[in-house]
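Me: I am new to this structure. Please show me how to read its features one by one.

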Amino acid sequence: MAELITIDDPQDPRLRDYVALTDVELRRRREPEEGLFIAEGEKVIRRARLAGYRMRSMLLSAKWIDVMRDVIDEVPAPVYAVAPELAEQVTGYHVHRGALASMQRKPLADAADVLAGARRIAVLEGIVDHTNIGAVYRSAAALGMDAILLSPDCADPLYRRAVKVSMGTVFSVPYAVLDPWPRSLETLREAGFSLLALTPHGDSVPLSEVSPKLLERCAVLLGSEGHGLSTEALRAADAWVRIPMSHDVDSLNIAAAAAVSFYALSQQPVG
């Protein structure tokens, strides 16, 4: 059973994991280095636990203690009960959902392990916006993608904002980092994947017209919000594919494009 501790000092060192959650640069450095991430909200905290992440501590406002009572009773980590005003002082923002948990990261998976048994995966290059990362993961989970691979410069999927936007689905989609980039894309081809680069380029073909052979085991490559896929990633692809557009629209936001492409792939029969 967790120890329930009431804290009324925002400088209390036991709250260190929760300090300055809105300082993106600080948290991007600190969280991976210290092996932690922050889960926000009841549903996300529960999903993190179900996915096997160990809880370091929990920060709750009074009204959330009863809601999270079963979790409090099950975990050995300390639970800090604080006033909403103190939580805001510590974190730097109004914690609307009233519940935060500091979770221990797992060792990052190896790409080969993530690819084993997978049939359809997403490969993300240079996506640095945490909201978009979270939205891509949510679509991948909902639409049956088996895994996600990230270029080294992508945003951290376990950053609080990404986890929150994904509604905790970052915990259910296996992922790994492909490094060095883009040379490691060859690892996918060696594992039997076809590389499909999503691009509005005029030489691309609609997803619905892609050869069935290329869809037997495929990886769809999705590029950054502003510039799309790099020249190197496009060159590495087996085919350039696109989502047909109307009204002279040339592209979609990366989160929307990912959802559409994942759905299109889900409608194709798996051999």
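Reply: Helices (H or I, at least four residues) and strands (E, at least two) are DSSP runs, numbered from the N terminus. The protein has 11 helices and 12 strands. This is a predicted model, in which local features need pLDDT of at least 70, side-chain atom pairs count only at pLDDT 80 or more, and totals for chains, interfaces and linings use all residues. Residues are numbered from 1 along each chain as its sequence is written, and side-chain values use heavy atoms, with hydrogens and water left out.

Me: What percentage of the residues count as buried?

Reply: Buried means under 20% relative accessible area, exposed over 50%, and partly exposed in between (1.4 Å probe, protein chains only). Of the 271 residues, 49% count as buried.

Me: Which residues have the most contacts inside the largest nonpolar core?

Reply: A nonpolar core is a set of buried Ala, Val, Leu, Ile, Met, Phe, Trp, Tyr and Cys residues joined through side-chain atoms within 4.5 Å. The largest has 56 residues, and those with the most contacts inside it include Met-55, Leu-124 and Phe-262. Helix α11 (residues 254-266) supplies the largest share of this core, five residues.
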